[in-house]
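Biologist: I am new to this structure. Could we go through it by question and answer?

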Amino acid sequence: MKYSRRNVFFIMLSVYFILIIFSFFSCKTDIFFRHVNIIIPEHPWEYYEGVKLWYYLCYNDGEEIIRKYVSPETREIAIKVPSGQTVYFCAYPLGEMHCYGGAVEPSDNISVLLLNQNEGFLTDLLLNTELSVSSKLRYHYLLDQIFLNTNDLSLLDSSVFIKDLLNGKISNASFKTIEPISISSVSFFTGTWVCELENVNRMFINDGESPEIVLPYGIFRYLNKERLLESRLVVSETGVYKHDRSSLVN
């Protein structure tokens, strides 16, 4: 079949407009997203014990929580996230331990985000509460208000904070803090024990009893690599409980 010059011209013009329309919608789609490189720092168990940990990296996309596996060899992950909402990142060591956290707001002009344990206490709360509310928060302003009361986010009274957040009544009273718990002594096997928290010192046990430990409420894990043993301390208002189990790392 032969085409006239006029037909060839219209065919080329049609293809050109199709490419323009396709390019327009592709760019329009990208407007609603941003790319952020998430960096997970070295964990105390990695630093002191030379082990490698895998992670689950969780973040919100709309009102859905996305979960990605991060291998022990990977510490920087490129993530595509919505640009019109506050996005919370939580990297959970071994999928269950205290997370490293951070967040980006719509107004942020950043491409790299270094997570940290302190913010993990807050981002874990916000990621796992009502996302239709928390994804609209001014995260950095909120963080500054909490820091006026305490530099340790683990001491934020989460029950008061979340109740006020969901009721839409955030005020200075929402940032109430609680005192950490002083634990005089806990029975541990002889050896070196490394806590999962960066601000808690290692313990060198010789007589089967720990020195005084100061912790907030929650579950905290200690590793003894020589024994391939993990001890979990549950700190609650009703007391302190300890549970030993085989380590998930080697």
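Modeller: The largest pocket has a volume of about 460 Å³. Of the 24 residues lining this pocket, F121, S154, S158, Y217 and G218 are the closest to its centre. The model is predicted.

Biologist: Which elements each supply at least two residues of the lining of the largest pocket?

Modeller: Among the residues closest to the pocket centre are F121 and G218. Helix α3 spans residues 117-127, and β12 spans 218-224 while β13 spans 229-236. The elements that each supply at least two lining residues are α3, β12 and β13.

Biologist: How many disulfides does the structure hold?

Modeller: A disulfide needs two cysteine sulfur atoms within 2.5 Å. The sulfur of C58 is 7.0 Å from its closest cysteine sulfur, in C90, so that pair is too far apart for a bond. The sulfur of C99 also has its closest cysteine sulfur in C90, at 3.8 Å, and this too is too far for a bond. The number of disulfides in the structure is 0.

Biologist: Are C58 and C99 buried or exposed?

Modeller: Buried means a relative accessible area under 20%. C58 has 9%, and C99 has 2%. Both values fall under that cut-off, so C58 and C99 are buried.

Biologist: What is the relative accessible area of C90?

Modeller: C90 is found in strand β5, residues 87-93. Leaving out residues up to four places away in sequence, C90 touches Y56, L57, C58, C99, Y100, T123, D124 and L127. C90 is buried, and its relative accessible area is 0%.

Biologist: What distance separates the C-alpha atoms of C90 and N116?

Modeller: Along the chain, C90 and N116 are 26 residues apart. In the model, their C-alpha atoms are separated by 9.4 Å.

Biologist: What arc do the buried residues of α5 cover around the axis?

Modeller: Helix α5 runs over residues 139-147, and its buried residues are Y139, L142, L143, Q145 and I146. These pack against β5, β6, α3 and α6. They lie on the same side of α5 because the arc they cover is only 160°.

Conventions:
Residues are numbered from 1 along each chain as its sequence is written. This is a predicted model: local features need pLDDT of at least 70, side-chain atom pairs count only at pLDDT 80 or more; totals for chains, interfaces and linings use all residues. Side-chain values use heavy atoms; hydrogens and water are left out. Helices (H or I, at least four residues) and strands (E, at least two) are DSSP runs, numbered from the N terminus. Buried means under 20% relative accessible area, exposed over 50%, partly exposed in between (1.4 Å probe, protein chains only). Contact means heavy atoms within 4.5 Å. The arc is that of the directions from the helix axis to the C-beta atoms. On a 1 Å grid over the protein atoms alone, a cavity is a set of points where a 1.4 Å probe fits but cannot get out, and a pocket is an open set with protein on both sides within 12 Å along at least five of seven lines; lining residues have an atom within 4 Å of a point. Grid points are joined across faces, edges and corners, and a volume is the space filled by probe spheres set on the points.
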